[in-house]
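The following note sets out numbered points on the structure shown below. Please read each point alongside the model.

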Amino acid sequence: MNSLVTDAQKAGKRVGMSADSILIRGGKPLQGRIELRGAKNLATKAMVAALLADTPSALKDVPNISDVGVVTGMLEAYGVSVTETAPGELLLDPTNVEKAHFAQIDALAGSSRIPILFCGPLLHRLGEALIPDLGGCRIGDRPIDFHMDALRAFGAIVDKSYEGIRLTAPNGLKGALIDLPYPSVGATEQVLLTAVLAEGVTELKNAAIEPEIMDLIAILQKMGAIISVEPNRVIFIEGVEKLHGYNHRALFDRNEAASWASAALATHGDVFVGGAKQQELMTFLNIFRKAGGAFDIHEDGIRFYRGEKLKPVVVETDVHPGFMTDWQQPLVIALTQAEGVSVVHETVYENRFGFTDALIEMGADIVVHKDGLESITRRVPRRPLEQAAVITGPTKLHGADVRVPDLRGGFSYLIAALTAEGESNISNVGIISRGYEHFIDKLRSLGADFDYAG
Ligand code: EPZ
């Protein structure tokens, strides 16, 4: 077992039970350069896709984060050998796939949602899949009804058991017409990972088209799949007999890029994010500029800094190519320092403003409206779960003791503490390592003033 896997698994063990805390002394602008690796929301799915092949796959730019540790543990439980061949490079060998002990899967899965994506590949490889009950998380209930309906459409039989969900496919899996009620990223990945080896053609309507989805489609095509992406969120998948291993470099993590950019904006800093690319960040860059930020696009990354004084903005989270829901929490801190009233309309998750309580404690002026607002530029029909936060600035932030509630909320607390006057003690920071590789080292390299007990 190699360092990447063990580190990530150790970090994984810390998730949720962590007493890890960091003491930050705020007021110092972040200055310097950090490097990104591959996207958490692609690398983990690419690792699952390796299960579909009959030969090994090589994945490059795999981030050293705990979600990778969780997927590595699950793949090994199903007999896949996972080897780190170089820093951030994994060789995934699925030639000896076998049934796993459920207790092992249950223990590994923990609070991760990735296990749900093992369904299609396991049904194809083993004729059965057993998935532990996936809890929701702080940002929302996160139901899996779209996933189950899609798998049933392929011919899978879904049984709820006391252990979790047992799926079988006595008559194999056949191509189907699937029309998603909402362009869900996870459900789209579920359909892709199932349809590629299903008999016949699958037509997927109202599909998610996030860059991570496109990168997963590129990987599946490298493996031998036949997938065509049509306009209007329609994807056709022609099932094939078998797939072989891939060789792929994961797409960069645009959520991490947007997070460090938001940190540069709030702290009046100047941060070069190595590996960030413009194409996948267009909508973020527009809002970043409107909020008073400036950026320079380079071959090897993007420089983010403050262009002028911070300005209020109106942001509506949406499916791609809209403003990503994972970008709003880190950006909110800069908006608390802008001259005027900003509005953040959350349309993807029903509880993604829970993190604002601690910011209000630190001196921010934020009011959360539970009913959301009338639509601005909406790509999907309005849903009852929407909420809106009205942020009035500038208000001085002061240090406080806060506890990390979720991944992106955790990163926004780092930014708030770096922006605030005085000291902040942030506990449960282990959660941040679920999606931000080496964030402590990166903070140190950007000149942040802190003590870390972990
Ligand atoms: C992925 O989650 C990402 N996670 C999320 O990033 C991201 O916020 C989200 O896509 C949207 O872009 C990973 O890739 C691991 P969805 P996913 O299915 O696939 C509802 C982060 O911080 N829904 O597109 O779970 C759901 O409740 C994370 O990195 C159903 O109702 O998102 C939500 O309201 C957070 N039934 C909406 O759709 C279903 O069966 C979007 O969910 C599935 C989803």
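1. Contact order. In the protein chain, 75% of the contacts between residues at least 6 apart in sequence join residues at least 24 apart; a contact means heavy atoms within 4.5 Å.

2. Basis of the values. This is a predicted model, in which local features need pLDDT of at least 70 and side-chain atom pairs count only at pLDDT 80 or more, while totals for chains, interfaces and linings use all residues. Residues are numbered from 1 along each chain as its sequence is written, and side-chain values use heavy atoms, with hydrogens and water left out.

3. Overall dimensions. The radius of gyration of the protein chain is 22 Å, which agrees with the value near 22 Å for a compact globule of 454 residues; this radius is taken over C-alpha atoms, and the globule rule is 2.2 Å times the number of residues to the power 0.38. Along the principal axes, the C-alpha atoms fill a box of roughly 65 × 45 × 45 Å.

4. Secondary structure and surface. The protein chain has 14 helices and 23 strands, assigned as DSSP runs (H or I with at least four residues for helices, E with at least two for strands) and numbered from the N terminus. Of the 454 residues, 59% count as buried, where buried means under 20% relative accessible area, exposed over 50%, and partly exposed in between (1.4 Å probe, protein chains only). The chain exposes about 17100 Å², of which carbon and sulfur atoms supply 51%; accessible areas come from the Shrake-Rupley method with a 1.4 Å probe, and for residues only the protein chains shown count as cover.

5. Ligand shell. The ligand is surrounded by 24 residues, the closest being Asp145, Ser184, Asp326, Val348 and Arg408; a residue is counted as near if one of its heavy atoms lies within 4 Å. By class, the shell has eleven nonpolar, five polar and eight charged residues. In this scheme, Ala, Val, Leu, Ile, Met, Phe, Trp, Tyr, Cys and Pro are nonpolar, Asp, Glu, Lys and Arg are charged, and the others, Gly among them, are polar. At least two shell residues come from each of helix 2 (40-49), helix 6 (145-153), helix 7 (185-195), helix 11 (325-335) and helix 13 (407-419).

6. A polar contact is a pair of N or O atoms within 3.5 Å. Oxygen atoms of the ligand lie 3.1 Å from a polar side-chain atom of Asn41, 2.8 Å from a backbone N or O atom of Phe146 and 2.7 Å from a side-chain N or O atom of Asp326. Taken alone, the ligand exposes 820 Å², and the protein buries 89% of that.

7. Helix 2. Nine of the ten residues of helix 2 are buried, so this helix is largely enclosed by the rest of the structure. Among the buried residues are Lys40, Lys45 and Met47.

8. Backbone geometry. Most residues other than glycine have a negative phi, and most peptide bonds are trans. The bond from His320 to Pro321 is cis, with omega near 5°, and Pro321 lies in the loop between strand 17 (314-316) and helix 11. The bond from Gly393 to Pro394 is also cis, with omega near 0°; Pro394 lies in the loop between strand 20 (387-393) and strand 21 (401-403).

9. Is Asn428 buried or exposed? Asn428, with a positive phi of about 65°, is buried, with a relative accessible area of 3%. Asp61 has phi near 60° and is partly exposed, at 22%.

Key. A polar contact is a pair of N or O atoms within 3.5 Å; within protein, one must be able to donate a hydrogen and the other to accept it, and residues adjacent in sequence count only if both atoms are side-chain atoms.
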